[in-house]
Amino acid sequence: MSVLVFAESSEGKFKKTALEVVSYGKKVAEQLGTNVVALTINASDSSELYTYGAEKVVAVSNDSLNTFNAKQYAAVVTEVAKAENATVVVVDSSIDGLYLAPIVAVNLEAGCASNVVAAPSNVSPFTVKRKAFSNKAFSNTVIATDLKVIGLAKNSYGIHENAVAGTTEAFEATVVESGVKSEKIERVTGKVTIADADIVVSAGRGLKGPENWGMVEELAEVLGAATACSKPVSDLGWRPHSEHVGQTGKPVAANLYIAIGISGAIQHLAGINASKVKVVINTDPEAPFFKAADYGIVGDAFDVVPKLIEKLKAFKAS
Amino acid sequence: MKILVCISHVPDTTSKINFTESDTKFDTNGVQFVINPYDEFCLTRAMWFKEKQGATVTIVNVGGAETEPTLRKALAIGADDAIRVNVNPTDGLQVAKELAAVVKNGGYDLVLAGKESADYNGQMVPGMLAALTDFNFINGCVGIEVDGTTVSATREIDGGNETISSSLPLVIGGQKGIVEEKDLRIPNMRGIMMARKKPLQVIDPVGGEASTNVQSFEKPAPKGAVKLVAADNVDELISLLHNEAKVI
């Protein structure tokens with residue numbers, strides 16, 4: 001028996017979500033009285049995972065798996081889960097990871113819970129807390145099958161060091177036919193993506209026009225943050241659709257979400273509810289976002305944001 | 001081309017979320033239900049295929065009779081016929097098993113499903129459906145073209161896009177981008193009248209069992225009031241974010 005976690009990597013390096021799923025897997029393994037095994041695919045060095053509790057790392061190296069493919073990756077996770085006699089499989093909620101859990105669950109005939117936000121409240125019956133209704137509620141879900149697959153929500157459990165003396169074993173995985181072929185990958189380089197960002201700086205119609213986004217980008221740069229926007233802004237073509245945050249846009253589960261000139265429509269709030277700390281800068285003290293925010297400044301973005309950039313630069317330099 | 005669009009019947013995005021029966025059931029009282037927004041993008045794309053390239057568009061929902069107004073709305077948008085699998089599912093796997101049976105019996109070439117439903121947000125059904133039917137699968141799809149049996153699609157990846165080629169049959173997990181929000185169809189009067197006469201077939205479930213069950217729901221703890229900082233005192237905001245919230 002073991003708990004298997006898939007530790008996702010990009011260009012050989014582990015994502016933060018990978019360290020979070022290993023931390024989570026370690027906790028579940030302790031609750032079940034077993035060990036956590038981490039699976040890596042084409043990661044250069046797995047030893048970092050020992051720091052977070054992985055006693056064993058199963059390392060798959062295969063050039064056919066250089067590009068993420070949901071069915072192929074799920075087949076590898078399934079094969080390793082069987083080889084390791086896993087009773088619980090944990091994957092992260094990265095843009096790719098999200099699609100693994102359901103396919104692995106079908107492959108293993110396992111019950112599946114996605115959007116899980118906490119360690120199991122009980123392991124018999126196996127009960128997990130999940131986000132639901134666009135973060136307006138949680139469901140306490142019992143996974144009734146012997147084998148269980150968990151999709152862990154990003155930034156929900158946190159990264160916890162739990163150093164162990166681990167070992168890494170190479171594993172020859174079978175690469176299945178997936179039916180789809182990657183033709184071209186286009187990435188915006190040099191920018192923090194919303195999916196990876198711990199801090200997101202977002203702006204809305206209060207900025208009056210796309211020509212005013214320079215200060216939003218500068219603030220994001222100072223904070224090492226990603227930039228985002230409200231739906232009207234992307235609809236108006238001021239910013240790309242890939243930056244639209246909200247119910248039908250991108251969900252944000254950042255540690256800090258700064259909303260500038262965004263009133264806070266319910267659909268926007270649904271997309272950012274999972275963020276831990278929310279800051280609002282808006283001229284309208286009645287803007288609904290103030291009810292959802294932790295900190296707020298009633299003021300003009302054109303006065304406040306440049307001051308904030310200046311002071312943050314000094315703060316970072318100190 | 002035979003297209004199947006999976007339609008979830010979900011609370012309107014502005015709905016208040018409450019629970020009844022000791023927090024074990026979603027309280028539908030006063031809640032308006034709509035076509036799941038992600039499914040609506042897929043339905044609009046399916047209509048484009050129907051009109052420009054020739055295709056039949058069937059919609060399917062796994063749910064009770066209360067979902068039929070939502071299916072009629074999808075028919076009014078232009079789908080040809082509807083199937084309702086008559087069972088109230090309790091998890092994504094159960095939905096996927098029922099949909100897989102419909103897909104296998106119907107000989108569909110392309111199955112379009114929203115990447116997630118706006119109620120339980122599980123993002124599980126499209127992947128499970130692809131696994132159960134052994135169809136090809138493209139997740140997070142933001143663009144799709146079909147030429148004969150050859151498909152070119154774009155999916156969102158971290159910080160960019162990936163262009164993918166595939167053959168039919170195929171399951172798509174679709175999202176905004178597969179069509180834009182401004183292109184979504186609104187049923188007109190003619191469509192609404194015609195929808196009343198279109199076939200809506202109610203079929204019995206194959207008995208796919210759920211593997212999870214919801215023990216209870218809970219709402220997040222009430223949030224404290226916002227801490228306001230004076231506009232000319234951003235130092236205080238930085239101090240709060242550093243010392244109190246510990247996020248910078």
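## Chain A

How many helices and strands are there in chain A? In this predicted model, chain A holds eight helices and 18 strands.

The C-alpha trace of chain A spans about 60 × 45 × 40 Å along its principal axes. Its radius of gyration is 21 Å, which agrees with a compact globule, because a globule with 318 residues would have a value near 20 Å.

## Extent of the interface

Contacts between the two chains involve 82 residues of chain A and 78 residues of chain B. The size of an interface is often given as the accessible area lost when the parts come together. Here the area buried between chain B and chain A is about 6800 Å², and carbon and sulfur atoms give 58% of that area.

## Polar and charged contacts

Between chain B and chain A, 40 residue pairs are in polar contact, with both residues at pLDDT 80 or more. Seven salt bridges are found across the interface. In one salt bridge, the side chain of Lys311(A) meets that of Asp235(B), at 3.3 Å from N to O.

The side of chain B that touches chain A draws at least two residues from each of several elements, including helix H1 (37-52), strand E9 (136-147), strand E14 (212-218) and helix H6 (234-244). By residue class, this side of chain B has 37 nonpolar, 24 polar and 17 charged residues.

## Strand pairing between chains

Strand E18 (residues 295-298) of chain A runs parallel to E15(B), and two bridges join these strands. Tyr295(A) has Lys227(B) as its bridge partner in E15(B). Strand E15 (227-228) of chain B also supplies at least two residues of the side that touches chain A.

How values were computed
Residues numbered from 1 in each chain as written. Chains lettered and ligands numbered in written order. Predicted model: local features only at pLDDT ≥ 70, side-chain atom pairs only at ≥ 80, totals over all residues. Heavy atoms only, no water. Contact = heavy atoms within 4.5 Å. Buried area = accessible area lost by both parts, 1.4 Å probe. Salt bridge = Lys/Arg side-chain N within 4 Å of Asp/Glu carboxyl O. Polar contact = N/O pair within 3.5 Å; in protein donor to acceptor, adjacent residues only side chain to side chain. Helix = DSSP H or I, 4+ residues; strand = E, 2+ residues; numbered from the N terminus. Nonpolar A, V, L, I, M, F, W, Y, C, P; charged D, E, K, R; others polar. Pairing = 2+ DSSP bridges. Rg over C-alpha atoms; globule rule 2.2 N^0.38 Å.
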